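Hi,

Here is the structure I promised to pass on. Please open it first; my notes on what turned up follow below.

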Amino acid sequence: MKGALMSVSGRVLLRKRAIIETINDELKNMHRLNIPDTGLSTIL
């Protein structure tokens, strides 16, 4: 299996990316909840 072992720095970068994407998703969800129902939520 080529590439089965990942370096420590690669795992750290993946973990950081996962955390950033999770926070970004949460912020998007919070933003959707705060938009008044003017039809803008369907655009986003």
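The chain has 2 helices and 0 strands. Keep in mind that this is a predicted model. The chain has 44 residues, and buried ones make up 5% of them.

Now the charged side chains. A search of the whole structure turned up 1 salt bridge. Its partners are Glu21 and Arg17, with an N to O distance of 2.9 Å. Both residues sit in helix α1. They are 4 residues apart, which is about one turn of the helix. Side chains of opposite charge can pair when their charged atoms come close.

How accessible are the two partners? Arg17 has a relative accessible area of 54%. The cut-off for exposed is over 50%, so Arg17 counts as exposed. Glu21 comes out at 40% relative accessibility. That value lies between the 20% and 50% limits, so Glu21 counts as partly exposed.

Next, the nonpolar side. Ile19, Ile23, Leu27 and Met30 make a nonpolar surface patch. The patch covers about 390 Å². One of its members, Ile23, is placed in helix α1, which runs over residues 8–34. Ile23 has a relative accessibility of 49%. Exposed would need over 50%, so Ile23 counts as partly exposed.

To look at these spots yourself, start with helix α1, residues 8–34. Find Arg17 and Glu21 for the salt bridge.

Best wishes

Technical notes:
Residues numbered from 1 in each chain as written. Predicted model: local features only at pLDDT ≥ 70, side-chain atom pairs only at ≥ 80, totals over all residues. Heavy atoms only, no water. Patch = residues over 30% accessible without salt bridge, like charges linked within 9 Å, V, L, I, M, F, W, Y side chains within 5 Å. Areas by Shrake-Rupley, 256 points an atom, 1.4 Å probe, with all protein chains shown as cover. Salt bridge = Lys/Arg side-chain N within 4 Å of Asp/Glu carboxyl O. Buried < 20%, exposed > 50% of the residue type's maximum accessible area, 1.4 Å probe, protein only.
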